Amino acid sequence: MSSDSRIMAYEAKPDVCQPNGSAELPMLDVYMPMMKSAAIISAGRLGLFEALAKGPLLLARLAEDVKASAQGVGPLADFLVTLGYLEKNGECFANTASTQRWFTSAGKVDYTPGLLWTQEAWPMMGALTDVVRSGAPERPFWDAMVEKPHLGHLFASYMAAFATDLGPDLLEHVPVSSAHCKLLDLGGSHGLHSIRFCQRYPQLSATIVDLPSALMETGTTIERQQLSQRIHLVPGDLSDCDWGSDLDLVFYLSVAHNHTADENRQILKRIGDSLNPGGLLVIHEYLAEEPLNAFHAAFRLTLLFETGTQIYPYQNYCEWLGEAGFGEITRIDLDPHEKGSLILARR
Ligand SMILES: C[S@@+](CC[C@H](N)C(=O)[O-])C[C@H]1O[C@@H](n2cnc3c(N)ncnc32)[C@H](O)[C@@H]1O
């Protein structure tokens, strides 16, 4: 599908934050996004979109299926109709095409884990003012996952949804040769990228390095794919763990934004030293551009809050990669642009 036809197929949802009349109603900008998020997250937690995945349902049946009251589900479903998440035909509610595609098991990617994660992230965001005051989080985001292990699992499941969406782009753009045998997946979390590449390329074996909190389910996922002989887990901090040498392929996918510029400089240097000649490093990132668009600006604020880090411009990566001895450097902006960019660098 060309990007033009994809844009035409996408139906923009109504912007419910705008007032209906001519008056400027300043609190709508705060109140409506709050209610919108609360409603979509509640639908995800109730399993309401999934309940409609097989087809339209009457309110009473929908309420029964999600084990909630019809008095509650009615107002929720009506609001979701105005948001463009549900449709109402006569007395029946149905998912819109976009909801079916992105929030059910019948669609292309199910981002429901993102809704469950956002439920947890929301109260945490209450501390944003303090983080802005001090300029850094009181403690690293990852510590919360050690204290509350279910957070690590939820975050990894959310990342797995992203990885399902990104996987085909990686397979298309990453040139793996028959001489490439050893893959290192830094911050590999759910393991889906390593699994996908090992399934496609039978000569590959992989090592996944991540914090223990991110690897809780990964071993089971790998076992289910019968790849335990070829994919190994190294729980630990990538800044000081032994990740091996003689590597042919290294993934650094959506991990650079969780590190400071100095840390990235050092990590890329270490990656360069661990790669065989001809080896390939693959970075996936959101590259900062001036002026920052709204999504990048929001993400930068999230990173300040979570890890005290940021997104970096392409020039920074070129500088770090040059210092680390990488030669050919290629940038691929993914389609749609919101998927971020790949940087391929050869040793
Ligand atoms: C945004 S997620 C990306 C996950 C995966 N690479 C993907 O693309 O779907 C970032 C990952 O980096 C891991 N991570 C962050 N800092 C780390 C560190 N110092 N050592 C090891 N892993 C780290 C996190 O636990 C998390 O799994």
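A residue is called buried if 20 or more other C-beta atoms lie within 10 Å of its own, exposed if 12 or fewer, and partly exposed in between, with C-beta atoms placed from the backbone. This is a predicted model, where local features need pLDDT of at least 70 and side-chain atom pairs count only at pLDDT 80 or more, while totals for chains, interfaces and linings use all residues. Residues are numbered from 1 along each chain as its sequence is written.

View 1. Let us begin with Q226, which sits in the loop between α12 (218–224) and β6 (231–235). Helices (H or I, at least four residues) and strands (E, at least two) are DSSP runs, numbered from the N terminus. Q226 is exposed because 9 other C-beta atoms lie within 10 Å. Its phi is near 55 degrees, a positive value in a residue other than glycine. K67, in the loop between α4 (59–65) and α5 (70–83), also has a phi near 55 degrees. Most residues other than glycine have a negative phi, and most peptide bonds are trans.

**View 2. Two cis peptide bonds.** Look for the bond that joins E290 and P291: it is cis, with omega about -10 degrees. P291 lies in the loop between β8 (275–285) and α14 (294–306). The peptide bond from D335 to P336 is cis too, and its omega is near 0 degrees. You will find P336 in the loop between β9 (329–333) and β10 (341–346).

**View 3. The crossing of α13 and α15.** Here the axes of helix α13 (residues 261–274) and helix α15 (residues 314–323) come within 8 Å and cross at roughly 40 degrees. Axes are lines fitted to C-alpha atoms, for helices over the stretch in contact, and angles run from 0 to 180 degrees between N-to-C directions. The two helices, α13 and α15, are therefore oblique to each other (angles under 35 degrees count as roughly parallel, over 145 as roughly antiparallel, 65 to 115 as roughly perpendicular and the rest as oblique). The C-alpha atoms of E263 and S239 are 7.8 Å apart in space, although the two residues are 24 apart in sequence.

View 4. A12 belongs to the loop between α1 (3–9) and α2 (28–46). With 7 other C-beta atoms within 10 Å, A12 is exposed. Its C-alpha atom is separated by 9.5 Å from that of S98, 86 residues apart along the chain.
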